[in-house]
Amino acid sequence: MTAEGIEVELKYRVADAAAATRLASVRALGSFRAAGRVRRVVIEDRYLDTPGGALRAAGHAVRLRQGLSGVIVSVKSAGEATGALHRRAEVEGPATTSLDPHDWPPSPARRIVLERAGAEPLVELVAVRQARRVRAVANETAEAELSLDEVEVMLGDRVIDRFTELEVELRRGPTESLGALAAVLAGDPDLAPERSSKLERALQAVERVRAGTPDQVAGTGSAASAGSPAARGDAPAAGGDGSAATDGEAAMPPRTPGDGAPPPATEAPRQVVEPPRLAAGKSPGVTPDDVLAEAGRKVLRFHFARMLAREAGTRRGTDDEDLHGMRVATRRMRAAWRVFGDGFRPSRTSRLRGRLRVVAGRLGAVRDLDVLIDAAAAHQSDLGARDAAAFEPLVAAWRAERTVARTVLLRELDSDAYLRLVEEYRVFVATEGAGATALVSPVAPHRVRDTAGSRIWLAYEQVRAYEAVLRWADIETVHQLRIAAKWLRYTLEFFREALGPETEPLITRVVALQDHLGWLHDADVTISLTRQFLVANAGALSRDQARVIAAYLVLRERELARLRRTMSGPWRAVSSVTFRRLLGRAVAAL
């Protein structure tokens, strides 16, 4: 294969979900510093070969990748691995979802596939879905892309393995730069060099399924390594990125060679028992005399009930508001853990918090794309017929990304891990005293009236601290302010019933700031993703398509600039002396 490019990257197995979350937020690796924020991307890879394995015999791995930029075919050489360092030739080109290369646009990658496959058709060997957290890192001489990949291996419509992997791909600069990064990462006890490619690991999972090995029938996949929870027979820990395997997923029956699809499952369908419905009520009912942990339990029960009430509609997918409502409920539960979490024993609640992060992430991936698509579709509806048609490739790419994200979400909601989460949450929020931290002293502050004031003021101080830098703040800093404003809003809402009547106008002002910052964030994300689409598809777009999509990019850039210019109004409403006086009077009611 004549290489158009050489892919050079480091690959590591990640020990657990907590390590993945830590690595995704790293700001520095030796001389390398984070260059930009973390991007979340959902992609689906389908690995192809002929029934006789002609492509692999020729030393090629062929992958169709469907993501935000459309469908790309990659042809990779077998390459070489030295410890964590991988080097291989790679050729890419545009493609379609069709398995017939004749349906793909001409490219060097397509030519290689046609030459090696000959007259044989292509079949899908295995599919790999990835939820990626991507961040650029750079020093003075080189740039790399750090990616935490939460991987699901699919055989037919079944998940047969899950694992989490760290990849660091060199984008610019000398190969020796990766050696410096490897030296830093070698000291991380949560990482182990990975010599195999994702395809090799996926094919190993397929072989385990077809051989009917016990760990795969149990659905533990590669997690069942020595010393792991799965190997010991313990329930896998549900961490922040959901990389632990899901219990109870039976393996696919073996396929006979040449089968195009897995045979129907022989086991009886699982009976899903709906937990008793919880009444959400109109408010959590927090009072000044509530013990902190029980106030938190009231808030969790209130929003947990709202989450369950929206689940059926989220599954149906006919009304986006159901998905939105379910996501809001999970976000408020996560916020409640932040506000009330020290009232509970971490050993009792860490599993609930960790799995909730996974569910919230799955919901957020779909909801964020809904917002993106709705704005793009509204813009498209204002265009003339010709320009609307030219704009369609961008909207279609985002819709394809949403389809993948929704599939991942539904798989999560159908998992045994989610069913356990629902049942454990139901028991936890209904059982007074469950998991509560014991008082160290009878005079230690432990009621809402004793502790809410400091929590509210701390949340406000974290917002006001941005006053010193806001005039020069970059987008990443503004995004962090949005998160701080969100925590202030949620904290006020959780204690609303115990505070004075000034609380409502306070919340109104914070919501106005949060909304403004949210619109600014949405515009920034749209700009970034639209620019990525234009770059990735530069050779495939017609002149009209590139013109119309670029015009949308310019429009959103102007909107971003306008939102930045007008940010001072909602900011002053929250940073003013008037706001602090109202806040003081509201807290004085405790």
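These legends accompany close-up views of a predicted model.

Local features shown here need pLDDT of at least 70 and side-chain atom pairs count only at pLDDT 80 or more, while totals for chains, interfaces and linings use all residues. Residues are numbered from 1 along each chain as its sequence is written, and side-chain values use heavy atoms, with hydrogens and water left out.

**View A. Helix α11 meets helix α15.** Here α11 (residues 385-413) packs against α15 (residues 503-536) at an angle of about 110°, their axes 11 Å apart. Axes are lines fitted to C-alpha atoms, for helices over the stretch in contact, and angles run from 0 to 180 degrees between N-to-C directions. The two helices, α11 and α15, are therefore roughly perpendicular (65 to 115 degrees). Look for Pro393, Leu394, Ala397 and Trp398 of α11, which meet Thr526, Leu529, Thr530 and Phe533 of α15 (contact means heavy atoms within 4.5 Å).

**View B. The largest nonpolar core.** This core has 94 residues, and Phe340, Tyr418, Tyr425, Leu492 and Phe495 touch the most other members. Such a core is a set of buried Ala, Val, Leu, Ile, Met, Phe, Trp, Tyr and Cys residues joined through side-chain atoms within 4.5 Å; buried means under 20% relative accessible area, with a 1.4 Å probe and protein chains only. Helix α15 gives the most to this core, with 12 residues.

**View C. Around Tyr425.** Leaving aside neighbours within four places in sequence, Tyr425 is in contact with Leu300, Phe304, Met333, Trp337, Leu352 and Leu356.

**View D. Leu125 beside Tyr47.** Leu125 belongs to strand β9 (residues 123-138), where strands are DSSP runs of E, at least two residues, and helices are runs of H or I, at least four, numbered from the N terminus. Leu125 lies 5.6 Å from Tyr47, C-alpha to C-alpha, although 78 residues separate them in sequence.

Notes: Angles under 35 degrees count as roughly parallel, over 145 as roughly antiparallel, 65 to 115 as roughly perpendicular and the rest as oblique. Buried means under 20% relative accessible area, exposed over 50%, partly exposed in between (1.4 Å probe, protein chains only).
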